[in-house]
Amino acid sequence: MRALSPHSWRATLGLVLVLTGSPAAAQVVQEHVGGLRAPAKLFELPQGQLLVAEAGNGPNTGRISMIDRDARRFTVVDGLPSGLHGPRLDPSGPSGLLQSGPRLYVLIGGGDTSLPGAAPQSEIVNPAASSPLFSSVLLLEFSASPDGLPLGFALPSSAHASVAAGNGVYLYNGRGDSVRVSRLVDFPDYVAEPRPDEPRNIRISNPFGMVGSDSGLAVIDASFNRIWKVATTPGTTSPALLASFAPVPNTTNIGPPVSEAVPAGLRVAGDDFVVSLLTGFPFGPGAASVWRVNRHTGATERIIGGLQTAIDVLPLDSSGTSAFVLEYSSNFLAGATGRMLQVDGVRGTSLVMAAPLRTPTSMARDTRTGDVFVAEFSANRIVRVLIPR
């Protein structure tokens, strides 16, 4: 998946899902907080607050916000790398986050690394990208605070080049708290993909999800269709390939015979990873799926099939075959809205839990109530999906 515009080693389940119900959406979906800047990913803190990775609304307006239990928004850090990508000028910036004590790992997407090329659906290098920190993981190391993560920081655009050069930049808030910002890993920004109609054509990187801990990270790239392993030990931060996803069959009678896999959601289930594949054009019915990935070997197997533009998955058991799945759109080419499903990959069943959702991109579970928070990218808000108990 570019910026939003969009051999198994064990026996494969991959059952096609059968829709078994639909909700009264007005009764189960409530706005939790609005006024965000293209929220791309959510992360729940142990105390129940939410961290939000916001892609921004212009050059270097990426932001990490904290939403408290009373649905109040506070800025953790502003001024993070972001840019407007593609002909529709879709925001691309912070696209994943992980908090571990005083450390906050922030994934940065491809931003405005590219410009539209001369041919349809082509891209060329942008010689004046908004930041040199696109397609990277930033490490934010906060000073100790009895109240958790300190708030109220901003990274000046003038400091991006210093961080890209390998330096740590210290920021301070009004209370005298500090945070050190550095770049942990730099992914390839793009690869050349010349076309007869546009020899300058490139494929840009689009990191779009991250899990892990201080001992190591896993990052999906939705454009390169792969999972990277990233060590967090200084001096060993070059990314290593864990797994790649092959093209998937095109389930329509238009376009090429296969579509790109487009891994868009990454989670931990038991000792494995679970990945949702959104797929690419023409976004055929039933083409999207959920896969389990061995975190040690990279071996993959499809565990749920029959989905539509699956952009996130939230496992409900250690196998990942029972899960909440977020669909970006139930019919992408027709401009349909998205929805949240509860799926059972063993039985092959699916229940609609919330619809319609406007360009949903990420979920987080409320550990107190069992409800699910959903980020709506273009609506600039987070909604709460009430789960029956």
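Strands are DSSP runs of at least two residues in state E, numbered from the N terminus. The model shown in every view is predicted.

View 1. The peptide bond from A355 to P356 is cis. Its omega is near -5°. Most peptide bonds are trans.

View 2. Strand β33 spans residues 360–365, and T359 lies in the loop between it and β32. T359 is not a glycine, yet its phi is positive, at about 40°. Most residues other than glycine have a negative phi. T359 is buried because its relative accessible area is 19%, and the cut-off for buried is under 20%.

**View 3. N225 has a positive phi between β20 and β21.** The loop that holds N225 runs between β20 (216–221) and β21 (226–230). Phi of N225 is near 60°, a positive value in a residue other than glycine. Is N225 buried or exposed? With 9% relative accessibility, N225 counts as buried.

View 4. The bond from F281 to P282 is cis, with omega near 5°. P282 sits in the loop between β26 (272–277) and β27 (288–294). Both F281 and P282 are in contact with S259.

View 5. S259 lies in strand β24. Its relative accessibility is 5%, so S259 counts as buried. Which residues touch S259, leaving aside its neighbours within four places in sequence? They are P247, V248, N250, G280, F281 and P282. F283 is 24 residues from S259 along the chain, and the two C-alpha atoms are separated by 7.7 Å.

**View 6. A nonpolar patch on the surface includes F281.** F281 forms this patch with I254 and L333. Together the three have about 290 Å² of accessible area. I254 is found in the loop between β23 (248–249) and β24 (258–259). I254 counts as partly exposed because its relative accessibility is 40%.

**View 7. R203 and E260 form a salt bridge.** The closest N and O atoms of R203 and E260 are 2.8 Å apart. R203 lies in strand β18 (residues 202–204) and E260 in the loop between β24 and β25 (263–269), so the pair ties together parts that are 57 residues apart in sequence. R203 counts as buried, at 12% relative accessibility. E260 counts as partly exposed, at 31%.

**View 8. E327 and R339 link two strands.** Their side chains meet in a salt bridge, 2.5 Å from N to O. E327 belongs to strand β30 (residues 322–327) and R339 to strand β31 (residues 338–344), so the bridge ties together parts that are twelve residues apart in sequence. E327 is buried because its relative accessible area is 1%.

**View 9. Salt bridges with shared partners make a network.** One network joins R103, E141, R180 and D214. The structure holds 23 salt bridges. Another view of the set is the pair R183 and D186, whose side chains meet at 3.6 Å, N to O. R183 is partly exposed, at 22% relative accessibility. D186 is also partly exposed, with a relative accessible area of 38%.

**View 10. V137 sits in the largest nonpolar core.** How many residues does the largest nonpolar core have? It has 40. L51, I64, V137 and L140 have the most contacts inside this core. Leaving aside neighbours within four places in sequence, V137 is in contact with residues including Y105, V106, L107, L184, V185, F187, M210, L217 and V219. R183, of the salt bridge with D186, is also in contact with V137. A second, separate core has 23 residues, among them V29, A264, M363 and V383.

View 11. The mean pLDDT of the protein is 91. Of its residues, 92% reach 70 or more. Over residues 1–18 the pLDDT is below 50, and this stretch has 73 contacts in the model beyond near neighbours in sequence. Residues 20–26 also have pLDDT below 50, with 14 such contacts. Where pLDDT is low, the predicted coordinates should not be read in detail.

Notes:
Residues are numbered from 1 along each chain as its sequence is written. This is a predicted model: local features need pLDDT of at least 70, side-chain atom pairs count only at pLDDT 80 or more; totals for chains, interfaces and linings use all residues. Side-chain values use heavy atoms; hydrogens and water are left out. Patches are made of residues with over 30% relative accessible area and no salt bridge: like charges are joined within 9 Å, nonpolar side chains (Val, Leu, Ile, Met, Phe, Trp, Tyr) within 5 Å. Accessible areas come from the Shrake-Rupley method with a 1.4 Å probe; for residues, only the protein chains shown count as cover. A salt bridge is a side-chain nitrogen of Lys or Arg within 4 Å of a carboxyl oxygen of Asp or Glu. Helices (H or I, at least four residues) and strands (E, at least two) are DSSP runs, numbered from the N terminus. Buried means under 20% relative accessible area, exposed over 50%, partly exposed in between (1.4 Å probe, protein chains only). A nonpolar core is a set of buried Ala, Val, Leu, Ile, Met, Phe, Trp, Tyr and Cys residues joined through side-chain atoms within 4.5 Å. Contact means heavy atoms within 4.5 Å. pLDDT is the predictor's confidence in each residue, from 0 to 100.
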